[in-house]
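Open your viewer and get the selection tool ready. We will walk through this protein one stop at a time.

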Amino acid sequence: MAYTVIRTDLLSGTDVAADLVSLRVYDADDNQIAVENGTMVELKGYEEGQREVMKAVLATADSKVEDCAIVASEEVMYDERKKNLDEFVNEAGAICRGYIPRSRNIYSITKEGFVGATAPTEVGAEVGLGADGKLDAAGTGYGTVMAIEIAGRYTYYVIKIA
């Protein structure tokens, strides 16, 4: 199974520490779950007894962007058989790095970051938040596709946040 690959092109968290968060992702039953990089999560405050690790759930189309973060952890794979970025997933219980989305920030994801792995087909297309933390190519209100770029083995969809 291929997972989403993300590039943090011009996300403000790359040089503004206040736009970075540490988070752990939970499901509706409060169980810790695995999450792909590039996934949008809704922040729900800090974990019990924590001052740094926030509790997060997968974002939905109803989530407010200002309450969300984009998961983008370093791709450290402990299984030596895994060599490609699309083989990386944040394991259940792992503390993930999250970027707070800001207006005019730009980042890139592969098609797996879209609902049903259905990416936009043209530059200028609008995207919205979709189910399970994925972007919806048929949605609106989140951002715009600025470019579609092929870099090595991956095709990236460059998203400019509205």
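This is a predicted model: local features need pLDDT of at least 70, side-chain atom pairs count only at pLDDT 80 or more; totals for chains, interfaces and linings use all residues.

Residues are numbered from 1 along each chain as its sequence is written, and side-chain values use heavy atoms, without hydrogens and water.

**Stop 1: the cores.** Select Met40, Ile70, Tyr107, Phe114, Leu135, Tyr142 and Ile159, which touch the most other members of the 21-residue largest nonpolar core. Such a core is a set of buried Ala, Val, Leu, Ile, Met, Phe, Trp, Tyr and Cys residues joined through side-chain atoms within 4.5 Å, where buried means under 20% relative accessible area (1.4 Å probe, protein chains only). Another core, of 12 residues, lies apart and includes Leu23, Val35, Leu43 and Val71.

**Stop 2: the lining.** Next, select Val76, Tyr78, Phe88, Val89 and Glu91, the closest to the centre of the largest pocket among its 14 lining residues. A pocket here is an open set of points on a 1 Å grid over the protein atoms alone, where a 1.4 Å probe fits, with protein on both sides within 12 Å along at least five of seven lines; lining residues have an atom within 4 Å of a point.

**Stop 3: the cysteines.** Finally, pick Cys68 and Cys96. The whole structure has zero disulfides (cysteine sulfur pairs within 2.5 Å). From Cys68, the nearest cysteine sulfur is that of Cys96, 15 Å away. Cys68 is buried at 1% relative accessibility, and Cys96 is buried at 3%.

Conventions: Buried means under 20% relative accessible area, exposed over 50%, partly exposed in between (1.4 Å probe, protein chains only).
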